[in-house]
Amino acid sequence: MAQVTHLRVGGTRVSTDEERLAQLGYKQELHRRLSGFSNFAVSFSIISILAGAITSYGIAMKAGGPAAITLGWLGVGVMVTFVALAMAEVCSAYPTAGALYWWAAALAKRNKAAWAWFIGWFNFLGEVAVTAAIDFGAAITTAAFFSLTLGMEVTALKTFLIFLVIIAVHGLLNTFGVSLVRILSDVSAWWHLIGVAVIVGVLAVVPDQHKPLSEVFFEVHNATGFTFAGAGVYAVLVGLLMAQYTYTGYDASAHVAEETHDAARAAPRGIVMSVVVSVIAGFVLLVAITWSIQDYEGSLGTPLGLPPAQIFIDAAGHDLGAFLLFICMIAQWFCGMASVTANSRMSYAFARDDALPGSRIWKKVNPRTGTPTNSIWLCVALSTLLVLPSLWNVVAYYAATSIAVIGLYIAYVGPVLLRRLNPDFQPGPWSLGRWSAPVGWIAIVWVGIICVLFVLPPGSPITAETFNYTIVAVAVVVGVAAIWWFAGARKWFTGPKQNLLEKAAHGESTD
């Protein structure tokens, strides 16, 4: 990587953030306006316990039941914390928008470009899938809310049309500039925390009866259709997708590092704290919801299409239940907005290194707003295409969540593996010290487990409509990336390209 000891503009030394970015080979182009709290808020908003844990609650109700929902959330949360810690250490050393694939190129001892290429494509796949899943989940929740308040019949077409409106709004909000994103992300963080407190308070006080706590933590429910010996355990394992999917997107803190003050410390803190706070607040929320179930089968088969919505209504009454659903709906709109932010920054950085088709278009930055406008709308378009099958296939949401989990977590753990294999790694100001090795290896093993777990069939009988298409989607992306790599990309893609050096070579100002 390029080494720039000091960067001066007009004889004056610039900020440490810009200096470090110059050392990594990049000129400051994005507007650096995010505080440490705002950086945390972006990741916390994308994890969004009021989004993922609500919209995918039905997955765990069907596969595993209360045990998968409550204890499963805690167990997965602990393992995800190890992944976040390992990622944060690498982020501190390389605070750049390219994040995961950039780290891979910096850490690999051999085949740097190949590592960057494949990690980047997994990250790109995961980012698009998680944006699709978040906004489609928001559409499901919004449709349920409209059904409760306006009497709207919930159909696949209406849900898809609501999704189109939501993702278009998120594209527009991101287009207006990072300052608006910062404000909305800060509001989002507080909305989530206060919202959880309100929901938990209502569900603890208002219902006439609650499930026994022993059932809240230990009851296993298997509605997958599988009846073989150990099917209950299988159901619980498959149901962990609810928690694992919710714990995605915290790489956003790394992707907005070039827009964050004191990025080498604030970005890794944002990664870790967004996960830790989500583990604690999410556990309290899920215990409260599961404790309040009045009719398990009725909630699972609700015509609203969203089991927590029915739980709210049964436990708190129509009006108060609708209000609790409203809290979740707004939180999910915030979540999708933050996801488009992270998705577009990753795409911008990948295009900046000419790794996307049409990179010349996607790497452009709007000089007025300081945002990668074209990349924003690329992400909106691709996420829409991924949700399109929901019009015909009832498992499209399950597939989108699985694709997001596998795509993102492979990208998360790739640089962690390379960091473990690179004895020359120089930690940044945020370091795990002697805990680095055990934390890193635990993270690597866990990701290996979930990559197997979430391509397994979620239900029986296995038909064209119920088949888990995750393995197909992942295989297609890997196949296309591999074919493209060996057919030509390996000849011209050399990994991250330092635009500071390119501009200097062309006689452009780097001020």
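Modeller: Helix H2 bends by about 50 degrees at Ser45. The bend is the angle between two fitted axes, one for the seven residues ending at a residue and one for the seven starting there. Helices here are DSSP runs of H or I, at least four residues long, numbered from the N terminus. This is a predicted model: local features need pLDDT of at least 70, side-chain atom pairs count only at pLDDT 80 or more, and totals for chains, interfaces and linings use all residues. Residues are numbered from 1 along each chain as its sequence is written, and side-chain values use heavy atoms, leaving out hydrogens and water.

H2 covers residues 36–55, 20 residues in total. From first C-alpha to last, H2 reaches 29 Å, close to the expected 28 Å. That expected span is 1.5 Å times one less than the number of residues. H2 is largely enclosed by the rest of the structure, because 18 of its 20 residues are buried. Buried means under 20% relative accessible area, with a 1.4 Å probe and protein chains only.

Now turn to Cys328. Cys328 lies in helix H17, residues 318–352. Beyond its neighbours within four places in sequence, Cys328 is in contact (heavy atoms within 4.5 Å) with Leu50, Ile54, Ile199 and Phe312. Cys328 is buried too, at a relative accessible area of 0%. The whole structure holds zero disulfides, meaning pairs of cysteine sulfur atoms within 2.5 Å. For Cys328, the nearest cysteine sulfur belongs to Cys335, 12 Å away.

How values were computed. Buried < 20%, exposed > 50% of the residue type's maximum accessible area, 1.4 Å probe, protein only. Helix = DSSP H or I, 4+ residues; strand = E, 2+ residues; numbered from the N terminus.
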